[in-house]
Amino acid sequence: MKIGDNDTLSAQVAAMIQADLLVLLTDIDGLYTGNPNSNPDAVRLDKIEHINHEIIKMAGGSGSANGTGGMLTKIKAATIAAESGVPVYICSSLKPDSLAEAAEHQADGSFFVPRAKGLRTQKQWLAFYSESRGSVYVDEGAEHALSEQGKSLLMSGIAGIEGHFSRMDTVTVYSKATKQPLGKGRVLFGSAAAEDLLKSRKAKGVFIHRDDWISITPEIRLLLTEF
């Protein structure tokens, strides 16, 4: 187990059981705009509604070098939990009443607001743990159907395939126009079968069912690319 794995594991368990609260203890009482041990102008962030590049930048400059895993790993854990609908506190382990105060939502620390509709177990697996075996590019119509209408990805919306994957493998789906990732999903056709159908112009049917799909939010995108 690497340093920081305990933070990630605690977030995974909290997300899986849909815990009421996750409390991450460290030697600093929350996330600061800089390292409070060396920067007297650093200010603590008491409430964090969205985890973005700026938050990650702050975390990289603060935290402990000991077994707590540092602040960056705690931000990763907070992202997993908050995206799964679990509120998170980062508090100081040096204060005896931190846990009790966190349970009352009165902790002296940083509070991470959870996603209003948290990801359930299958969606958590797709978002955080499943390894992508290939890339699929979709046209504008399919992009709109996936991102705006909550529909399944049809074979007819596929504009290109990269990589070799089998049926029920996970792939990452990208916009053909912007090359930005739209989400991840489990496929109903392997790459060889899908490419044959596309070449024959008989591409019909569902390629990724909506139940096996997760849209990539800005927070999930950061989790996949920054940690």
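These exercises work through a predicted model of one protein chain.

**Exercise 1. Describe the overall build of the protein chain: its secondary structure, extent and burial.**

Solution. 
- Start with the elements. The protein chain has 8 helices and 11 strands.
- Take the extent next. Along the principal axes, the C-alpha atoms fill a box of roughly 65 × 35 × 30 Å.
- Then check burial. Of the 227 residues, 45% are buried.
- Finish with contact range. Among contacts with a separation of 6 or more, 69% join residues 24 or more positions apart.

**Exercise 2. Find the domains of the protein chain and state how they meet.**

Solution. 
- Read the bounds. The domain assignment gives domain 1 as 6–118 and domain 2 as 123–226.
- Compare the centres. The C-alpha centres of domain 1 and domain 2 lie 32 Å apart.
- Look at the contacts. Here 15 residues of domain 1 touch 9 residues of domain 2.

**Exercise 3. Decide whether Glu83 is buried or exposed, then list its partners.**

Solution. 
- Locate the residue. Glu83 belongs to helix 3, which spans residues 70–83.
- Apply the cut-off. Buried means under 20% relative accessible area. Glu83 has 7% relative accessibility, so it counts as buried.
- Search for side-chain polar contacts. One of 3.1 Å links Glu83 to Arg115. Another, also of 3.1 Å, links Glu83 to Thr217.
- Glu83 then meets Arg115, Gly118, Leu119, Phe128, Thr217, Glu219 and Ile220.

**Exercise 4. Characterise the largest pocket by volume and lining.**

Solution. 
- Give the volume. The largest pocket has about 150 Å³.
- Pick out the central residues. The lining holds 14 residues, and the closest to the pocket centre are Glu49, Glu83, Val113, Arg115 and Glu219.
- Sort by class. The lining has 7 nonpolar, 3 polar and 4 charged residues.
- Assign the main contributor. Helix 3 gives the most to this lining, with 4 residues.
- Link back to Exercise 3.

Note on methods: Residues are numbered from 1 along each chain as its sequence is written. This is a predicted model: local features need pLDDT of at least 70, side-chain atom pairs count only at pLDDT 80 or more; totals for chains, interfaces and linings use all residues. Side-chain values use heavy atoms; hydrogens and water are left out. Helices (H or I, at least four residues) and strands (E, at least two) are DSSP runs, numbered from the N terminus. Buried means under 20% relative accessible area, exposed over 50%, partly exposed in between (1.4 Å probe, protein chains only). A polar contact is a pair of N or O atoms within 3.5 Å; within protein, one must be able to donate a hydrogen and the other to accept it, and residues adjacent in sequence count only if both atoms are side-chain atoms. Contact means heavy atoms within 4.5 Å. On a 1 Å grid over the protein atoms alone, a cavity is a set of points where a 1.4 Å probe fits but cannot get out, and a pocket is an open set with protein on both sides within 12 Å along at least five of seven lines; lining residues have an atom within 4 Å of a point. Grid points are joined across faces, edges and corners, and a volume is the space filled by probe spheres set on the points. Ala, Val, Leu, Ile, Met, Phe, Trp, Tyr, Cys and Pro count as nonpolar, Asp, Glu, Lys and Arg as charged, and the others, Gly among them, as polar. Domain bounds come from an automatic or database domain assignment. Lists of a residue's contacts leave out its neighbours within four places in sequence.
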